[in-house]
Amino acid sequence: MKKWIALLLLAAMALALVPAALAAEPVTLKFMSTNANLDAVCQYFNEQSEDIKLEFEYVTGSWPELNQKLLTMIAGGTPPDIVYMAEPMLMSYVYNDQLLDITEYVERDLNMDDYIEGVFNSSIVDGKNYGIPIDVRVTALFYNKDLYDAKGVAYPNPDWENAWSIEEWLEVCKQLSGERDGQKTFGHTVDWRWVRNLQFFHALGLESPFNEDGSANINSPEAKQIYTMLQDMVMDGSAASPSDLSAMHWSQRFRDGILGGFITGNWEYYTFEDMGDKLGFAPTPGGQTNFFIDSYCIFKQTDNPDAAWEVLKFLASEDFGMWLMDNAKWACFPIRNDVMEVAKDKLFPVLKGEEREAFFDSVNYAHTFVSHRAYNELIASMGEVTGLIALGEISADEGLDQVQENWTDIIDNY
């Protein structure tokens, strides 16, 4: 009898252990991105975590391909748990109620004082947080010191508080234009997208080409001033024309010392790092810049929101930030203040002295990027018109009035 009782007790204990054994099985989450380097990030996370494992899915292409893939998966009820999402995409997915509101998680587990001021603003919509910033991207003026020296033009002031005015920069672009060793030179190359000219909007007192209610304001007096300026630069030869750029890409012109500079983000640093001491960095004309901050987001359809949050919390940690700095060619800034202090000594070795200080100081002059739920449609619609402005076939004023009409129709019918 005692033997049977002992056997029954053992059986009961074994059954009691079954739920614990099942609970010990790790949760597997699907992590999707167009950035193949994030496979290494997932592997690193998996090495650190016993309870949660990431399965990386790489999407070939860029943001449009990722967007199409996500829409297809959402329609089929099988979106990934976590996605690396471009800033302009986020608002559209929030608008369609597809991303998880992580506000309570953030408020519970993160201390905003640990992070670069303003970096979370890009993932906040109507007071709710929908993502963790991946890194910090800002725009500035990259310039070729070799062309400046050849033309006898002084370098830009590296102090954001004393940055060139827009008028001073325009004059310098004219001085840099002309000819060098039988080749045409230009002071600047124009990116006609409104998103790449936000520094000028900020300098003129606007945050975006939208009103507070989301309606279009792309034909404001300030916007017309900006696009008239850009068109005049192309027409007077101080900026490269479309035909000039079709003959030789702007990046090659920059390397060859026949393009004075361009306004882009810190993500371009490693593209031109091999230029060595010919590469210069300066504040944008007008002394204002803006953030471009992509986010890690969780889809609302996930079966494991708590586990997905643990992944995002890890990606926002000091330990991960330090690992990333040591194991990746990080062309942008870290999101954390503690990691940023280390980065100032370790990253971007070509930049020296005051230019280096200005590079890191740019985050203190950055505005939040104001996107729109119809971003992709608005960009495409505007591109059709700015092509005509660039060719001088219509005036900037006329073109922006046309864009305003197009945008109004798109927004009203979105």
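Helices and strands are DSSP runs numbered from the N terminus, a helix being H or I with at least four residues and a strand being E with at least two.

D401 counts as partly exposed because its relative accessibility is 30%, whereas K224, at 18%, counts as buried.

## The chain and how it is described

The chain has 18 helices and 14 strands, and its C-alpha trace spans about 105 × 50 × 35 Å along its principal axes. Of its 414 residues, 53% count as buried.

Residues are numbered from 1 along each chain as its sequence is written, and side-chain values use heavy atoms, with hydrogens and water left out. Because the model is predicted, local features need pLDDT of at least 70 and side-chain atom pairs count only at pLDDT 80 or more, while totals for chains, interfaces and linings use all residues.

## Other salt bridges

Side chains of opposite charge can pair when their charged atoms come close, and the structure holds 18 salt bridges. In one of them the side chains of D274 and R255 meet at 2.8 Å, N to O. This pair also links distant parts of the chain, with D274 in the loop between α12 (269–272) and β11 (279–282) and R255 in helix α11 (residues 250–255), 19 residues apart. D274 is exposed at 62% relative accessibility, and R255 is partly exposed at 31%.

R108 and D109 form a salt bridge through their side chains (2.8 Å, N to O). R108 has a relative accessibility of 56% and so counts as exposed, while D109, at 27%, counts as partly exposed. Both residues belong to a network of salt bridges that links R108, D109, E310 and K313.

## One face of helix α7

In α7 the buried residues are I166, W169, V172, C173 and L176. Seen down the helix axis, they fall within an arc of 120°, so they line one face of α7; the arc is that of the directions from the helix axis to the C-beta atoms. As a general rule, an α-helix has 3.6 residues a turn, so residues three or four places apart point the same way.

## Loops and positive phi angles

Just after α7, G178 takes a positive phi of about 140°. D181 has a positive phi of about 50° although it is not a glycine, and its place is in the loop between β8 (178–180) and β9 (183–185). With 75% relative accessibility, D181 counts as exposed.

F348 is not a glycine either, and has a positive phi of about 55°. F348 lies in the loop between α15 (337–346) and α16 (353–361), where it is buried, with a relative accessible area of 0%.

Conventions. Buried means under 20% relative accessible area, exposed over 50%, partly exposed in between (1.4 Å probe, protein chains only). A salt bridge is a side-chain nitrogen of Lys or Arg within 4 Å of a carboxyl oxygen of Asp or Glu.
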